[in-house]
Protein chains: 2
Amino acid sequence: MSFIESLTTAWARTQSLLCVGLDPEPSKFPGSLKNRSDAIFDFCRAIVDATGPYASSFKPQIAYFAAHRAEDQLEQLIAHIHETHPGLPVILDAKRGDIGSTAEQYAREAFERYDADAVTVNPYMGFDSIEPYLAHEGRGVIVLCRTSNPGGSDLQFLETQGRPLYQVVAQLAAEKWNAAGQLGLVVGATFPKEIEVVRGIVGEMPLLIPGIGAQGGDVEATVRAGRTAGGAGMLINSSRAIIYAGRDDDFASAAAQAAKKTRDTINLYR
Amino acid sequence: MSFIESLTTAWARTQSLLCVGLDPEPSKFPGSLKNRSDAIFDFCRAIVDATGPYASSFKPQIAYFAAHRAEDQLEQLIAHIHETHPGLPVILDAKRGDIGSTAEQYAREAFERYDADAVTVNPYMGFDSIEPYLAHEGRGVIVLCRTSNPGGSDLQFLETQGRPLYQVVAQLAAEKWNAAGQLGLVVGATFPKEIEVVRGIVGEMPLLIPGIGAQGGDVEATVRAGRTAGGAGMLINSSRAIIYAGRDDDFASAAAQAAKKTRDTINLYR
């Protein structure tokens, strides 16, 4: 089953649009996990197991593993998600972007080494920096379009061809780059009006929407702006507001409650 | 000593502008290295030791290590370069780009874990995606501007504010983002006229110039377009044309010859 099919099936089966982001920072772990060699895996596994009932996808952010020399724990974590939550896609958030020959290596990293179902990529280097990922049949490629951070406007909002750059990226993705139907786009929840514009450009293409929770995006406005006719089409990501909902040994149950509440809030507006 | 100072000193001391790119692909290694668990490190170490006399910097590309689960060999390699070639900067080619909190993790990866002197980053997410690297005093940050690949034009050549986007990036880097003097820019050798324009915008800022060798960039045109008044200012990178100059057990001496020849050709036009 392709990434897009898995995602559509997961949305329907779980009745959730929530993507749980896994950004593990050991300094924020509860005392019982500190100073353990496999703390990152243990923390994330507990979060996955607790929030799984309320999520339709997971998004580990590779930087948090790489900074701690914990690539092996990321491999273990993705294997654990596939084993315990079959059918829930894993998006490796890596925001890769490089020339074709190097992109082939990054695609191997994401899809062969880590067995991710999809990976995030950066469009600045153009189509031949994205194409090698598409050679991995059925895997998903989620292209940065309008990001949720303050500096996102520095380039993405520059006017070109009569529109802001991010809209040109959305159009390239929808009309030129998506021959095999593997693409999605990242559009931040901090800009609901822009989500609406992007949805208008890309039709049913899945949108990965970070920025609710710690970054302050408004859930109602986000869902109303980004939903497809079927009330889905979005991976609404929350990372810190869920995984650090509790900071003591109850962190997993606090994360579960935060995930359930986020899913339910999203569902109010679908 | 800061990255920029090290680089300037290295250019003067070695009388070379050559940056040797380390993109190890085990399938291209000579038979004697095949099937060895530390083949990637051994191959790169032999290249570094053979080409060191002709280079002023090295640029390992992290994707080639990550695809093969060889982060430990990348750590070893950078430590080996620092030990055997003190004063020659190591640029970690990673083209990272993410929101501030995640960029902090990538900066730790590049500067603390790998001890790179500089890292390449992608500007699509704007200044707050670059700022966390600058917090590492003295380290260098080399921002993608005009890349050497065919798809580079898809976004970078879009007209905005009356100029192509890559020129706006050059101007942002030179005028707004470089308060502490840590920045450089990536400008591909496949576009010498654009190197000249960028040099005009950024003054003495170092330019990392990939694209000679396997990608076909013209050395004379590149050097004439990119040199500063002092005949330096460029890290002219060649990867595949040097490291795969020989494919048998003479690969290291073939790489040395190719590096020497490239350095000498560059020096003809300084």
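Predicted model: local features only at pLDDT ≥ 70, side-chain atom pairs only at ≥ 80, totals over all residues.
Val20(A) lies in strand 1 of chain A, residues 18–22. Residues are numbered from 1 along each chain as its sequence is written, chains are lettered from A and ligands numbered from 1 in the order in which they are written, and side-chain values use heavy atoms, with hydrogens and water left out.

Back to Val20(A). Is Val20(A) buried or exposed? Val20(A) is buried, with a relative accessible area of 0%. Buried means under 20% relative accessible area, exposed means over 50%, and partly exposed is in between, using a 1.4 Å probe and protein chains only.

Ala170(A) is 150 residues from Val20(A) along the chain, and their C-alpha atoms are separated by 24 Å.

Now the whole of chain A. Chain A has 12 helices and 10 strands. Its C-alpha atoms fill a box of roughly 55 × 45 × 35 Å along the principal axes. For 270 residues, a compact globule would have a radius of gyration near 18 Å, and the 17 Å of chain A agrees with that. The radius is taken over C-alpha atoms, and the globule rule is 2.2 Å times the number of residues to the power 0.38. Of the 270 residues in chain A, 64% are buried. If you take contacts in chain A between residues at least 6 apart in sequence, 72% of them join residues at least 24 apart.

Next, helix 2 of chain A. Helix 2, residues 39–51, packs with helix 4, residues 71–84, at an angle of about 20°, and their axes are 9 Å apart. That makes helix 2 of chain A roughly parallel to helix 4 of chain A. Axes are lines fitted to C-alpha atoms, for helices over the stretch in contact, and angles run from 0 to 180 degrees between N-to-C directions. Angles under 35 degrees count as roughly parallel, over 145 as roughly antiparallel, 65 to 115 as roughly perpendicular, and the rest as oblique.

The crossing of helix 2 and helix 4 of chain A is right-handed. A crossing is right-handed if the near helix is turned clockwise from the far one by less than a right angle, and left-handed if anticlockwise. On the helix 2 side the contact includes Phe41(A), Cys44(A) and Val48(A), and on the helix 4 side it includes Leu77(A), His80(A) and Ile81(A). By class, this contact of helix 2 with helix 4 has 7 nonpolar, 4 polar and 2 charged residues. Nonpolar covers Ala, Val, Leu, Ile, Met, Phe, Trp, Tyr, Cys and Pro; charged covers Asp, Glu, Lys and Arg; the others, Gly among them, are polar.

Helix 2 of chain A also packs with helix 12 of chain A, residues 251–268, at about 40°, with the axes 8 Å apart. That makes helix 2 oblique to helix 12 in chain A. This crossing of helix 2 and helix 12 is right-handed. Helix 2 contributes Phe43(A), Ala46(A), Ile47(A), Ala50(A) and Thr51(A), and helix 12 contributes Phe251(A), Ala252(A), Ala255(A), Ala256(A) and Ala259(A). The residues of that contact divide into 9 nonpolar, 1 polar and no charged.

One more residue of helix 2 in chain A is Asp42(A). Asp42(A) is buried, with a relative accessible area of 10%. Apart from neighbours within four places in sequence, Asp42(A) is in contact with Leu33(A) and Arg36(A).

Arg69(A) sits in the loop between helix 3 (62–66) and helix 4 of chain A, and its phi is near 60°, a positive value in a residue other than glycine. Gln161(A) is in the loop between strand 6 (159–160) and strand 7 (163–164) of chain A, with phi near 50°, also positive. Gln161(A) is exposed, with a relative accessible area of 54%.

Note on methods:
Helix = DSSP H or I, 4+ residues; strand = E, 2+ residues; numbered from the N terminus. Contact = heavy atoms within 4.5 Å.
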